[in-house]
Amino acid sequence: VTTTTVRSGVPVSARRHGRLSAARAAEWRDFYVCISPWLIGFLVLVAAPMLASIYLSFTKYDILQPPKFVGLDNYAEMLFEDALFGKSLFVTAYYTVFSVPLGVIGSLVLALLLNQKMRTDSLFRTIYYLPSLTPAVASAVLWQWIFHHDIGLLNAALDAVGLPPVRWLLDEQWVIPAFVIVSLWQGVGGGRMIIFLAGLQGVPEHLYEAAKVDGANWWHRFTAVTIPMISPTLLFNLIMGIIGSFQVFTLSFLMTAGAPNNASLFYVLYLYRNAFQYLKMGYASALAWFLFLVLATVTLLQFALSGRWVYYEGGTAR
Amino acid sequence: VKGRNALTRRSFLKLSVALGTGAVLSSCAATPGTQGAQPGAVQVAETQPGPTAPALSEATIRLSHFEGDLGQRNYSKIAELIKNRYPQITLSVEPTFDQAKFLVEVAAGTAPDIPYVTEQTIPVLAGKKALLNLSPIAEADGSFDVTQFHEKLVEYYSHEGSMYGLCRLYSPYVLWYNSTMFDAKALPYPDDSWTFDSFLEASLKLAEDSDGDGKNDLWAYECQNWHNTWMSFVWGFGGSLFNEDETQFTLDQDPAAEALQFVADLMYKLNVAPQLTLQENKIITPFGFTTGKVAMVQNARFVLPQYTQITEFQFDIAPVPQGPAGRHTTLPTGGFAASASTKHPAETWECIKFLCGPEAQAVYASTRQAMPSLKNFAAVALDPTLPPKNDAMFIDAIEYAKPVHRCPHFSEASAPIYSALELVWTGKESAKEAMTRAVPEANKILAELIAAG
């Protein structure tokens, strides 16, 4: 074996010799046999439905009757006629603008605190991680009681400091802030915090020591050492946070189902309504592809801009 | 060599004698109905396969419902009765019915043979050709007499002149009242003389701040974000949900909007009903009738198994109050249909007949769920020894009760109205403003859906 470089599924060495040795061929056969469950699963359960949904997005399809090709009608209806499309997009964007930055900052602060060398750090890590392990249904029930306008804990706390009660989930102005609060409870101490923690623990100690020798205070060390060194994790958490917040469904489905007056009609909830309540599979597919395009654009933009602020040790962003 | 299960001549003769005796006995049995039956004593006549009924094959018939544990227990008992009657049929009961899931299963050819249907889902499912037209099978079945069902119920389970299902039970909405609370205020109980004014007058006396903390803790009425309750006020005021042919919503017209405001004012102006809250993604009351803190609620007989558990107070029922345009109430029903994709139409039909027939009705009646759809069977389902005393009122109420709608496009077209009503039920907007805004939007969607077929 002279090389391991592979192109088009055939080792260069084998191409160079013009034929595959029997052992190499057996190795490649075994390779494809081993990955075939995943490959078949991906092709049948992911790729094929995705391709089908592209076609369906150009049709009217109610499951029982065959799809009827309507060209760009679904996209035109979505963009120019459907007020709820715009509303659901706005609701989701509004939620994203607050929940992602606050969540990322919160997770980072928590990770910085938990990165201190303490005897109880494992305990705190577990405590902070617990909310992300709580099942969505349990979270929804819990938070509905906390937000309850008469007997909820939050209004009791407001009352204790002399503030008027808020009808959190029943008020168009307050329902999204309420969801942001739940997202922070769930997300600040979850997987994002663990990723930050891993990033922080990978920052070489000697950089801090060198900065200290140069007279840098904690803020300078944080902005000039910590942030650049964990910038790839910051980028990762930002991208995953935005994708996740655009896909919010379970909590809104369980807590408000879009109420009041569609003030919490998240985009995916609206997509679900069209697909499974109104059986407008063609229109729902168009909504899904629009969401895909939005997320792809936002993600590509983040990658494009990341070259300006993300530092990769020993390499570039791409 | 004879197998262990082979039929010997002796056992064949035994079986023949047994079947013959059974046939003679069953021919002597009472005809379906209640002639001579005592109220409360459920006497059961058997559902008979007709002389012209096709021979039945070995089949497993799947029934899908959404009635939870109670439904599962009832249908499992009925499955045993069916097995006794038709040994070749096995009724498999699945508590997982969902309309969208059912449509997907029909398209995939894997739908349950018998879906649970209501008067509102029949036009949706039949319109989408997801149900089997039962008229030809029913007409060919000499033993089936459609007149044993209440005429209204037969009509509600038909679509474009054909029968697509059989109703098994119905329950008009009535006014349930906590007689203990009325007694405490020395108020006369609601009765059929009650108007909206009498209702309001009593409500103002029933609501009370009993502990003096500045907030009411005893309430007169439980408002619900559920059209089966507020439609009696809409119709009573002379309004309507739809125009005659259900092609336009009409809740923005004055009588309807006034009725909706009347209900909202009970919570936000008169303070005689607890304000609605949001729980488990539904806008509901924080204090239900069963807490004993609310004197009146509109509900169907479906809640009776739950209300029977109440021991802290006495309750009874009365007709819903009448408004300037008379007395009206809603009529929810439940029944069975056959999936268009069933591979066993004859066996499925026998099961549907059985599920709506007297033996199955006896099972439903034993759990006091709702009123049986068989005209002559309704009175037997009542038990005068148990509350409510005025139970027979459910039978009378069917005369002035009607379904809220039978519009196949209701779910999608009504969405703007129900979103706007959330603001009315939470005291954020007047009914007139909300409906003036939402109804044109709903009518636009409805017109598009009707045009698209």
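These legends describe close-up views of a predicted model.

**View 1. The open sheet of chain B.** Six strands of chain B form an open sheet with mixed pairing, in the order β2-β1-β3-β14-β6-β15. Strands β2 (89–94) and β15 (371–372) of chain B stand at the edges; each has a single partner strand, so one side of each is left without a neighbour in the sheet. Strands of a sheet pair through backbone hydrogen bonds, either parallel or antiparallel.

**View 2. The pairing of β6 and β14 in chain B.** Strand β6 (residues 165–170) of chain B is joined to strand β14 (residues 333–337) of chain B by five bridges, and the two pair in the antiparallel sense. Within this pair, B:Cys167 of chain B stands opposite B:Gly335 in β14(B).

**View 3. Helix α2 against the sheet.** Helix α2 (residues 68–85) of chain B lies across β1 (59–64), β2, β3 (114–117), β6 and β14 of chain B. Relative to β2(B), helix α2 runs at about 175°.

**View 4. Helix α13 of chain B and its surroundings.** Helix α13 (residues 358–366) of chain B is mostly covered, with eight of its nine residues buried. The buried residues are B:Pro358, B:Glu359, B:Ala360, B:Gln361, B:Ala362, B:Val363, B:Tyr364 and B:Ala365. They pack against α2, β6, β14, α12 (345–356) and β15 of chain B. After α13(B) comes B:Arg368, which has a positive phi near 55°.

**View 5. Cysteines of chain B.** A disulfide is a covalent bond between the sulfur atoms of two cysteines. B:Cys356 is in no disulfide, and the nearest cysteine sulfur, that of B:Cys167, is 7.2 Å away. The cut-off for a disulfide is a pair of cysteine sulfur atoms within 2.5 Å. B:Cys356 has a relative accessible area of 1% and is buried. B:Cys407 also counts as buried, at 3% relative accessibility.

**View 6. The surroundings of B:Asn228.** B:Asn228 is found in helix α9 (residues 227–236) of chain B. With a relative accessible area of 6%, B:Asn228 is buried. Leaving out residues up to four places away in sequence, B:Asn228 touches B:Tyr173, B:Gln298, B:Thr330, B:Pro332 and B:Val404.

**View 7. Two cis peptide bonds.** Most residues other than glycine have a negative phi, and most peptide bonds are trans. In chain A, a cis peptide bond joins A:Ala259 and A:Pro260, with omega about -5°. A:Pro260 is placed in the loop between α12 (250–255) and α13 (267–277) of chain A. In chain B, a cis peptide bond joins B:Pro387 and B:Pro388, with omega about 0°. B:Pro388 is found in the loop between β15 and α14 (393–397) of chain B.

**View 8. Alanines with a positive phi.** A:Ala257 is not a glycine, yet its phi is positive, at about 55°. This alanine is found in the loop between α12 and α13 of chain A. A:Ala257 counts as partly exposed, at 26% relative accessibility. B:Ala186 is likewise not a glycine and has a positive phi of about 55°. The loop that holds B:Ala186 lies between α7 (179–184) and α8 (196–206) of chain B. B:Ala186 counts as exposed, at 66% relative accessibility.

Conventions
Residues numbered from 1 in each chain as written. Chains lettered and ligands numbered in written order. Predicted model: local features only at pLDDT ≥ 70, side-chain atom pairs only at ≥ 80, totals over all residues. Heavy atoms only, no water. Pairing = 2+ DSSP bridges. Helix = DSSP H or I, 4+ residues; strand = E, 2+ residues; numbered from the N terminus. Contact = heavy atoms within 4.5 Å. Axes fitted to C-alpha atoms, helices over the stretch in contact; angles between N-to-C directions. Buried < 20%, exposed > 50% of the residue type's maximum accessible area, 1.4 Å probe, protein only.
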